Amino acid sequence: MKIVVTSIFVQDQDKALEFYTEKLGFVKKEDVPVGKFRWITLVSPDDQDGTELLLEPNDHPAAKEYQKKIFADGIPATMFGVADIHKEYKRLMEKGVKFTMEPTKMGEVTIAVFDDTCGNLIQIVQK
């Protein structure tokens with residue numbers, strides 16, 4: 001068994017698609033109409049057959065409440081791995097990404113947290 005798709009709630013699928021592709025550099029894998037929303041998945045450009053990230057609409061009241069509460073408490077919705085966190089931090093800052101935590105050493109890893117503009121805090125980590 002392996003993880004093939006994981007999801008993140010987003011307030012606006014179009015805005016999220018733009019942020020995650022234009023700012024973060026993910027590649028759109030699927031974009032299929034499903035009722036009033038779309039099944040939009042993204043992959044890493046370095047592993048296009050790897051785990052897909054689904055941009056899940058937060059249309060359900062429980063999803064909205066969950067997203068709002070973890071954001072307010074400063075809890076990242078997910079984590080992405082990077083090879084060089086300081087280089088990635090600089091690259092994202094230059095693209096206008098707003099960080100809530102700059103790269104910080106935590107034991108064996110270094111982490112940073114940014115706002116994805118779609119209702120989530122996202123953590124990046126270098127092991």
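**Core, surface patch and salt bridges of the predicted model**

In this predicted model, the end C-alpha atoms of residues 1–127 lie 24 Å apart, and the span is 26% helix and 41% strand. These residues are listed in UniProt, in an unreviewed entry, as "domain: VOC".

The largest nonpolar core comprises 24 residues, of which Tyr20, Leu24, Leu55, Phe80, Phe99, Phe114 and Ile124 touch the most other members. Two or more residues each are given to this core by several elements, including strand 1 (5–10), strand 4 (52–57), helix 3 (85–94), strand 7 (109–115) and strand 8 (121–126), while helix 1 gives the most, with four residues. When residues up to four places away in sequence are not counted, Phe99 touches Tyr89, Leu92, Met93, Ala112, Val113, Phe114 and Ile124.

Trp39, found in strand 3, is partly exposed, with a relative accessible area of 34%.

Eight salt bridges are found in the whole structure. One of them joins Arg38 to Asp14, with the closest N and O atoms 2.5 Å apart, and links distant parts of the chain, since Arg38 belongs to strand 3 and Asp14 to helix 1, 24 residues apart. Asp31 pairs with Lys28 at a closest N and O separation of 3.5 Å, and Asp14, Lys28, Asp31 and Arg38 are linked in a network of salt bridges. A further salt bridge, between Lys36 and Asp59, has its closest N and O atoms 3.7 Å apart; Lys36 lies in the loop between strand 2 (27–34) and strand 3, and Asp59 in the loop between strand 4 and helix 2 (61–72), so the pair ties together parts that are 23 residues apart in sequence. Lys36 is exposed at 67% relative accessibility, whereas Asp59 is partly exposed at 38%.

How values were computed: Residues are numbered from 1 along each chain as its sequence is written. This is a predicted model: local features need pLDDT of at least 70, side-chain atom pairs count only at pLDDT 80 or more; totals for chains, interfaces and linings use all residues. Side-chain values use heavy atoms; hydrogens and water are left out. A nonpolar core is a set of buried Ala, Val, Leu, Ile, Met, Phe, Trp, Tyr and Cys residues joined through side-chain atoms within 4.5 Å. Buried means under 20% relative accessible area, exposed over 50%, partly exposed in between (1.4 Å probe, protein chains only). Contact means heavy atoms within 4.5 Å. UniProt positions are given in the numbering used here, feature names are shortened, and annotations may be inferred rather than shown by experiment. A salt bridge is a side-chain nitrogen of Lys or Arg within 4 Å of a carboxyl oxygen of Asp or Glu.
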